[in-house]
Amino acid sequence: MVLVTAVRDYINRMLQDISGMKVLILDSHTVSIVSVVYSQSELLQKEVFLVEFVDSISMSKEPMSHLKAIYFLRPISENIQLVRRQLATPRFGEYHLFFSNMLKDTQLHNLADSDEHEVVQQVQEFYADFVAVDPYHFSLNMASNHMYMLPAVVDPSGLQHFCERVVDGIAAIFLALKRRPVIRYSRASDIAKRISQEAAKLMYQQESGLFDFRRTEVSPLLLIVDRRDDPVTPLLNQWTYQAMLHELIGIQDNKVDLRNIGKFSKDQQEVVLSSEQDAFFKTNMYENFGDIGMNIKKMVDDFQQVAKSNQNIQTIEDMAKFVDNYPEYRKMHGNVSKHVTLVTEMSKIVEERKLMLVSQTEQELACNGGQVAAFEAVTNLLNNESVSDVDRLRLVMLYALRYEKDSPVQLMQLFNKLASRSPKYKPGLVQFLLKQAGVDKRTGDLYGNRDFLNIARNMARGLKGVENVYTQHQPLVFQTMESIVKGRLRDVDYPYVGNHFQQARPQEVVIFIVGGTTYEEARSVALQNSTNSGIRFILGGSAVLNSKRFLKDLEEAQRIARTSSSVV
């Protein structure tokens, strides 16, 4: 049972057992949880005629006793208060309350006390407290994602809140999968350790009865790691379809918003990208950019045959023009026109920002040694007028992460050049990144140059030649999965919590990245799962990052750290 199916099953159970006309009432979290797995038309088929937010529905007083209200909310105190107020003067005929995680006894008593009119038919816990982005990839969509970079003393209650939300999300995953895991964490990370201990306490002590499922032969593994173990992946430009879309345009809850990019017809301003509902996307989401163009061209060519048109389509622009000129093509293949639009927009950005040039150097910095050549390449790009400020910043960061110990003098030269070329970025941000995620702070062998086996593998890869220079980088998660498959994940780097150890190789592994995942890592997990190694991996994180979000979190953490140190 994979994540999308798990959440869909919960929603089906909420909607199909209650007959008649319904209103679905959500909060700002659960609206994302529902929207990524359920379409509007599917809701209509289940007789949901209205979807409302729990906080805005309080404003209205109009009685609608012909509707049955289905609430699906996170069990947080603000939501409980809102529901209590709404039960005091009920507007709907029946109330069915579903919460996305465990309710406290006091919350349950408070709800019961408020139901004076006896309109509540049921109260249930349905553990869908995560956004199932793809079958093997989930996010907690946390707005305060920068918190993981702050020392505990800076904002203890903020950090506590952050950790509790992560533990809730992880608990929901395992309750939905009906498993209790053995837990390991990244040794160098205080926050990964804290979350692991709090999750273990919840699953093995406070709620041990709830997690006491029929034992499988081998417990699954929950591995909690820190984004700062691999700060390289979220800084890189991407060249496979889903990852590239998020990097260049942005995907939020499987939707791409095109309103700020150009003039599009109303139906094209926001496009849905779901591997469950879009066959072309499902087939191509992990393909590289060059192949996507060819695959879309093939679809357009197929249609031309049907439409008996013989225009000569050679470029992306030709495709975009063709789609515009044939409205019936748009109708018949709304899907294709959506992908033509996206690929056209991305091609423009790649050209404008000279990303092929920039990305080649990024990949070199991430994958291959050679400090002298790297310094020269980065210097040239910093001097290149066509390279944008943010691309300059990322190049200097990637150089700094790789060569922080090897070439401090050159690093200072790059800092100075960055400060003069892109004054809006203070070099302090690069130093803050090194303080957060430098070589002394990381667990694991990020560049494959600490461990003899990794060095040998990297040399072999260099000899073999790479089929595509733009996608040669492998995220650290790839090595971690390889180590787990081979039974080589070292206890000293990834200690166990408590006295629950893995007796044999696990069959299910959830890797949770505190600080957020990337679509490049999600691709790595999906490809690993397709090899049938006997282990199924699931990837989750506090947010889904692109370089823009990663840098925003970094800037926010730096700002708070500065403010707090000046106060102290």
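Leaving aside neighbours within four places in sequence, Val387 is in contact with Val358, Leu381 and Arg392, where contact means heavy atoms within 4.5 Å. Val387 sits in the loop between helix H16 (371–383) and helix H17 (389–403). Helices (H or I, at least four residues) and strands (E, at least two) are DSSP runs, numbered from the N terminus. Val387 is buried, with a relative accessible area of 3%. Buried means under 20% relative accessible area, exposed over 50%, and partly exposed in between (1.4 Å probe, protein chains only). The C-alpha atoms of Val387 and Tyr399 are separated by 16 Å, and these two residues are 12 apart along the chain.

A word on the model before I go on. This is a predicted model, in which local features need pLDDT of at least 70 and side-chain atom pairs count only at pLDDT 80 or more, while totals for chains, interfaces and linings use all residues. Residues are numbered from 1 along each chain as its sequence is written, and side-chain values use heavy atoms, with hydrogens and water left out.

Next, the salt bridges. Side chains of opposite charge can pair when their charged atoms come close. The cut-off here is a side-chain nitrogen of Lys or Arg within 4 Å of a carboxyl oxygen of Asp or Glu. A search of the whole structure finds 26 salt bridges. One of them joins Arg184 to Asp491, with the closest N and O atoms 3.1 Å apart. Arg184 lies in strand S8 (residues 182–185) and Asp491 in the loop between H21 and S13, so the pair ties together parts that are 307 residues apart in sequence. Arg184 is buried at 5% relative accessible area, whereas Asp491 is partly exposed at 48%.

Ser196 lies in helix H8 (residues 190–206) and is buried, with a relative accessible area of 0%. Beyond its neighbours within four places in sequence, Ser196 is in contact with Ile183, Arg184, Tyr185, Ile224 and Val497.

A further salt bridge links Arg536 and Glu508 (2.5 Å, N to O). Arg536 is in strand S14 (residues 536–541) and Glu508 in strand S13, so this pair ties together parts that are 28 residues apart in sequence. Glu508 is buried, at 17% relative accessible area. Elsewhere, Arg74, Asp129, Arg165 and Asp168 are linked in a network of salt bridges.

Now the cavities. On a 1 Å grid over the protein atoms alone, a cavity is a set of points where a 1.4 Å probe fits but cannot get out, and lining residues have an atom within 4 Å of a point. The whole structure holds 3 cavities of 30 Å³ or more. How much space lies in the largest cavity? About 90 Å³, a volume being the space filled by probe spheres set on the points, which are joined across faces, edges and corners. Strand S9 (221–226), helix H21 (476–485) and strand S13 (508–514) each supply at least two residues of its lining. H21 gives the largest share, 3 residues.

The lining of the largest cavity includes Arg227 and Glu521. Arg227 forms a salt bridge with Glu521, the closest N and O atoms being 2.8 Å apart. Arg227 lies in the loop between S9 and helix H9 (241–248) and Glu521 in helix H22 (residues 519–529), so the pair ties together parts that are 294 residues apart in sequence. Both residues, Arg227 and Glu521, are buried.

Definitions and conventions. 1 Å grid on protein atoms, 1.4 Å probe; cavity = no way out; pocket = protein on both sides within 12 Å on 5 of 7 lines; lining within 4 Å.
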